[in-house]
Amino acid sequence: MKRKPEEEKIISYLYGEISEKDRREVEDYLKDNSEARDEIEELKKTRELLNKFEDEEVVGRPNVFSPQHKSFFVSKTFRSIVSIAAAILLLMIVGRVTDLSIKYGESKLTITFGDGNEQITEGFISRAEVDNIINEKISHSQKNLEKHLVGFENRLDSVESGAIGYIDNQISNKVLVSQRQIDSYVAQLDRESKEKIGNYFRKNTLDQEIYMQTILTDFANYMEIQRGQDLEELTLYVNNLDKKTTQNQIETNQLLSSIISTVNYAQGE
Amino acid sequence: MTHSESVIQKAREGDVDAVNKLVSLWYKRIYNFTKKYFNDHDIAQEVTQKTFIAMYKNIKKLQDDERFRPWLYRIASNFCHEEERKKKRSAETHNFDGDKTGAVMYVTDGDETDKRLQISELNEIIFSLLSTLPPEQREVLIMKEYEGLKFREIADILNESENTVKSRLYYALSALKKETKKRNINKNTVYYEA
């Protein structure tokens, strides 16, 4: 009995997306299993039924995106042409209004406005005159330039010498000031140090005196206490000695009494 | 569905005419995909339009022209899921105890009824069958049966394994097989009704 192929293989077989090996496995199983064959057949029929569906036509599909065609009337070319035409038209209107007339002849350029009574005429000048004018202007410019250069050099020299003097002065001032400041600072340090050392010694001496006084006081107290204790011990010792002497005396008396009585008893017999 | 890759190329470069060409080539397919998913003209139209707007905005990111088809279906599928979630939330908000067989999809207004009259009875039967499936099975079945996508492509679109896709399809077809038996829908009745 062959094992039933997995669902995934059955589906792959049904849709024809299956490897040759898996296809043989499914077909071998179907060959021996009528129930599985029926199942596959019914799945195929279900698919056939589903495929009877007819897709709907889309009526009035919206145009989602409008192409951005640029109109000729807003294009750059159109704008350029209109600008040039407008400029020419403006010139024509101005010319017409002012009765502008431009003439060239007899080595003259004649520009007239109105009826031509007032004429602005510009005659031509020769090449030599033009050269002279240019040379004059150039030599004049050179002179001016030289004059300016000399003045500039003088000013530069004066500024330089002034600046150097100023810098030297500043440096020497700075050095002097610095030396004075250093001396003052050292002197101040010296004073402060001396003061600090003096204070230190004074304080130290005072501390030592207080310390010695404390030690002496403590020692005197200690000696006093010790003396009291010795005295008490001595007193106690004397008392004990006194007690012992008294007791010895009593015992001696008793002994003597005993001896006397013994002697008397012996004499009586 | 075939179209020159140069159209996609031009669309990627910002050519609006090329984008519109793609829309005209794919609108019917995507509309019918979403229509089968929701069995609702308005939602299908909305989701389709969202799909193409997203396509227009994101086509520059598409790196491989050959992957345009699964890429487009992935966008549509994502919008379908989003719409499905909205419907669920709406049903929960209104405390609507919807029929799990999907009968809720047949509650329509007058205009919708008029539109439906123009659709064949056979399509209605298939719509009603599809609507009995859970969304994830319905989606796989539509992609495979009607859109002709390969298992690998569907797996890629849904970000699932091929075996998961095949398994879902198996259960979808098996469920439809049972449903057709239950309703006594067979070749003869279909042809009669069609």
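A: Let's start with a word we will need: a residue counts as buried when its relative accessible area is under 20%, and as exposed when that value is over 50%. One more thing before we look around: this is a predicted model.

Q: Thanks! Is Val23(B) buried or exposed, then?
A: Val23(B) has a relative accessible area of 3%, so it counts as buried. You will find Val23(B) in helix H2 of chain B, which covers residues 16–38.

Q: How far apart are Val23(B) and Tyr56(B), in sequence and in space?
A: Along the sequence, 33 residues separate Val23(B) from Tyr56(B). In space, their C-alpha atoms are 9.3 Å apart.

Q: What does Thr51(B) touch, leaving out residues up to four places away in sequence?
A: Its partners are Ile30(B), Leu72(B), Ile75(B), Ala76(B) and Phe79(B). Thr51(B) is part of helix H3 of chain B, residues 41–58. With a relative accessibility of 0%, Thr51(B) is buried because the cut-off is under 20%.

Q: How many of the ten residues of helix H6 of chain B are buried?
A: Nine of the ten are, so by the under-20% rule this helix, residues 121–130, is mostly covered. Among the buried residues of H6(B) are Leu122(B), Asn123(B), Glu124(B) and Phe127(B).

Q: Let's move to chain A. In what order do its elements run from the N terminus?
A: The order is α-α-α-α-β-β-β-α. That gives chain A five helices and three strands.

Q: What share of the residues in chain A is buried?
A: Buried residues account for 11% of the 269 in chain A. The accessible surface of this chain is about 23200 Å², and carbon and sulfur atoms hold 58% of that surface. As for contacts in chain A between residues at least 6 apart in sequence, 24% of them link residues at least 24 apart.

Q: Which residues make the nonpolar surface patch of about 610 Å²?
A: Look for Leu100(A), Ile102(A), Tyr104(A), Leu109(A), Ile111(A) and Phe113(A). Two elements of chain A give two or more residues each to this patch: strand S1 (101–105) and strand S2 (108–112). Take Ile111(A), which lies in strand S2 of chain A.

Q: Now for the place where the chains meet. What area is buried between chain A and chain B?
A: The size of an interface is often given as the accessible area lost when the parts come together. Here chain A and chain B bury about 3700 Å², with 62% coming from carbon and sulfur atoms. On the side of chain A, the residues that lose the most area to chain B are Phe53(A), Glu56(A) and Phe65(A), together 20% of what that side buries. The contact involves 33 residues from chain A and 46 residues from chain B.

Q: How many salt bridges does the rule find across the interface of chain A and chain B?
A: There are six. One pair to find is Glu42(A) with Lys181(B), which form a salt bridge whose closest N and O atoms are 3.4 Å apart.

Q: Which helix gives the most to the side of chain A that touches chain B?
A: That is H3(A), with eight residues. Helix H1 (7–14) and helix H3 (34–50) of chain A each supply at least two residues to that side.

Terms used. Residues numbered from 1 in each chain as written. Chains lettered and ligands numbered in written order. Predicted model: local features only at pLDDT ≥ 70, side-chain atom pairs only at ≥ 80, totals over all residues. Heavy atoms only, no water. Helix = DSSP H or I, 4+ residues; strand = E, 2+ residues; numbered from the N terminus. Buried < 20%, exposed > 50% of the residue type's maximum accessible area, 1.4 Å probe, protein only. Contact = heavy atoms within 4.5 Å. Areas by Shrake-Rupley, 256 points an atom, 1.4 Å probe, with all protein chains shown as cover. Patch = residues over 30% accessible without salt bridge, like charges linked within 9 Å, V, L, I, M, F, W, Y side chains within 5 Å. Salt bridge = Lys/Arg side-chain N within 4 Å of Asp/Glu carboxyl O. Buried area = accessible area lost by both parts, 1.4 Å probe.
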